[in-house]
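Trainee: Hi! Could you walk me through this one?
Mentor: Happy to, let's look together.

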Amino acid sequence: MTGRRAGACALAVLVVALAGPSTPVAAAETKAGDGDRPLGAPLDLYPGAAAAYLVAVDGRLRWARNADLPRPPASLAKLLTAVVLLDDPRWDDAARVEVSAAAAAVEGSQLGLRRGEALRAGDALTALLVRSANDACLALVEHFAGSIGTFVERMNTRAAALGMSRSHFGHPCGLDAPGQQSTARDLLRVAGVALGRPAIASRVALARAEIATLDGRRLAFVNGNALVGRVDGVIGMKSGFTTRAGKCVIAVAQRGEHRVWLVMLGAPERWWTATGMIEAAFAPFRPVTP
Amino acid sequence: MNARLRSLCLAALLPLVVSQAAFAQAPTPGDKWRTTMSMEMEGMKMPGISTEICAPKNATPEPQQQENCTISNRKRVGNTESFDMVCSGKEPMTARMEMTQESPTRWRGKMQMKSKDGDTTMSYSGEKLPGECDASEMERKMNKMMADGDAAAAKQCLESAKTGQSIFFIGEPVMCKDAASVKAYCSFAQTSSGYNALARTQRGGARVYKGAEAAQYRTILASTGKLCSFSPETVRTQYCSTARSKEDWTFFAEECPELAKPLAKAQCAGRNFTTPVDPPFVKFCGAWSAGGASIGGGGAAGGAATGAAAGADGGSAAGGAAGSETVKVGEGEDPQAATQKATPASTAKDAVLKGKEALKGLFGR
């Protein structure tokens, strides 16, 4: 075999070894074809960005750090919550959802719902996804599952079906709970599924929203994902924060035919850094001449 | 079994497929043969393997030359031919081979080898089968496979060139040398995004890897410049001079720190992400922040360090006010300083301290 052919064979072997499945987004496997990544693994180009992160461009993992490291997902878990809610055959946007005392008193990010108030399920879902409202989240969970425990079981069943093998959920709203963990890669998987649901995609894209309780109290809020409306092409997804998880965000941006996904867990500087990482991911598609 | 032994086993199985058929493209009349090979190694006997092959009519068994091997003492006594083989290199070995043509339709042979793996004896035989065949068919198929492989490799080289996979073009061994892909790689390397991609790979690889690998990564731009006959610094300076006006913010922030740093100080320092900033500077400040994160490794020591209240992802929104965190640009290292200082062994603590130092330098506080 000549040197040339040996080289060709070696190259072919490398190509075969590196070519990942082409499943868009969900798998986000590695593939040759990226100037910023050495062979074998995506380059950790942003070690200071987050405890764990990944950037996928057009369905291929481009940069990553600890993409499979289990970490608390914070409110990013609500994407799975939304998927599970919409999976429920009884789901109805117009369903009347009452706010229990427990829901009204839930800790963390709230919409400010009051005990005994009621609102449409669709509006509660908007608050859950846009404002990351735990009171709306818990009200929905209680309405459709009866209890947190039952809903969490559904979440874990759904997560397993999605192939989120390193994830376990303990609270439907993402509050820190014993054993609750996920990974950047697993969360990307559920995010891809969530984006495929128009009821979710249309809500996470809102920079701001306004809903009303059934007795007419109006509640306006802005998206907790500060990238929406501020960074070109960002079409939404979810932010999250808990003491254990740190600042987290999943963002998806579309410019022309190119799509970038970003997942950051434990990101001390998430908004600015995310902005820069998204810009960098799109940079190769915007050739600049001197 | 080492690679040479495997190769010799294959050679032993195919002693009749000789040069007469090599490179033949037209059908070559041939006879069908069944060859059987068995092997004994270090007292272990392996069962015989039979293979049907097609050999050119009237072909005689010939020893197949192996890489790094010399054949000597070749003799023919009656119907028996024998020779010695000595191989050097990484897998040195010696071998003695005998082949006996027992009749026009039958032959047998034996090869005794000594290598670092021990002694191996291979016995083989051939028996002519009824019927005819095309002796060049296999060669044609192999040639086609090789041609297809070359075409696929060329295509992959071109793709690798267009996406700046430097590893295929520089370093050892160089896998892509064809003019078209080298030209494409050189063109890519001299675009702003191409230069930026290679520079990132250089920085990232030098940080992640150690020793010779790190050294290879550290010279990506220099090696590319040498391959493509351009000066990386000239290209960088050229793009830096226009990056701001062309709003090529990622390049500007990451590759032109001497220009970006004052702009970051003026436009980004102390800015809250959610307060209005001129749109171009949102992108620039993000690129500057990510640039720091990309090199320094500062400030990502885990979420617990943030110290905020559990579940407080912004606070209550009742009444329309959205809670927003106070986020300031600039955490992380000064890219230029970090380029000089960062090492793979840097701890998160070191990185945070460096980031703080860089902040002081950048924002004067």
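Mentor: We'll chat about ring pairs and then a helix contact.

Mentor: This is a predicted model, where local features need pLDDT of at least 70, side-chain atom pairs count only at pLDDT 80 or more, and totals for chains, interfaces and linings use all residues. Residues are numbered from 1 along each chain as written, chains are lettered from A and ligands numbered from 1 in the order written, and side-chain values use heavy atoms, without hydrogens and water.

Trainee: How many aromatic pairs are there over all chains?
Mentor: There are 15, counting rings of Phe, Tyr and Trp (its six-membered ring) with centres within 6.5 Å; planes under 30 degrees apart are stacked, over 60 edge-to-face and the rest tilted. Among them, Trp107(B) and Tyr124(B) are edge-to-face, at 5.8 Å centre to centre and 70° between the planes.

Trainee: Are those two buried or exposed?
Mentor: Both Trp107(B) and Tyr124(B) are buried, meaning under 20% relative accessible area, with exposed over 50% and partly exposed in between (1.4 Å probe, protein chains only).

Trainee: Which rings form a cluster?
Mentor: Ring pairs link Trp249(B), Phe252(B), Phe281(B), Phe284(B) and Trp288(B). Phe252(B) is buried, with a relative accessible area of 3%, and Phe284(B) is buried too, at 0%.

Trainee: Switching to chain A, which residues of H2(A) and H4(A) meet?
Mentor: Lys78(A), Leu79(A), Thr81(A), Ala82(A), Leu85(A) and Leu86(A) in H2(A) meet Leu125(A), Leu128(A) and Leu129(A) in H4(A). Contact here means heavy atoms within 4.5 Å, and helices (H or I, at least four residues) and strands (E, at least two) are DSSP runs numbered from the N terminus.
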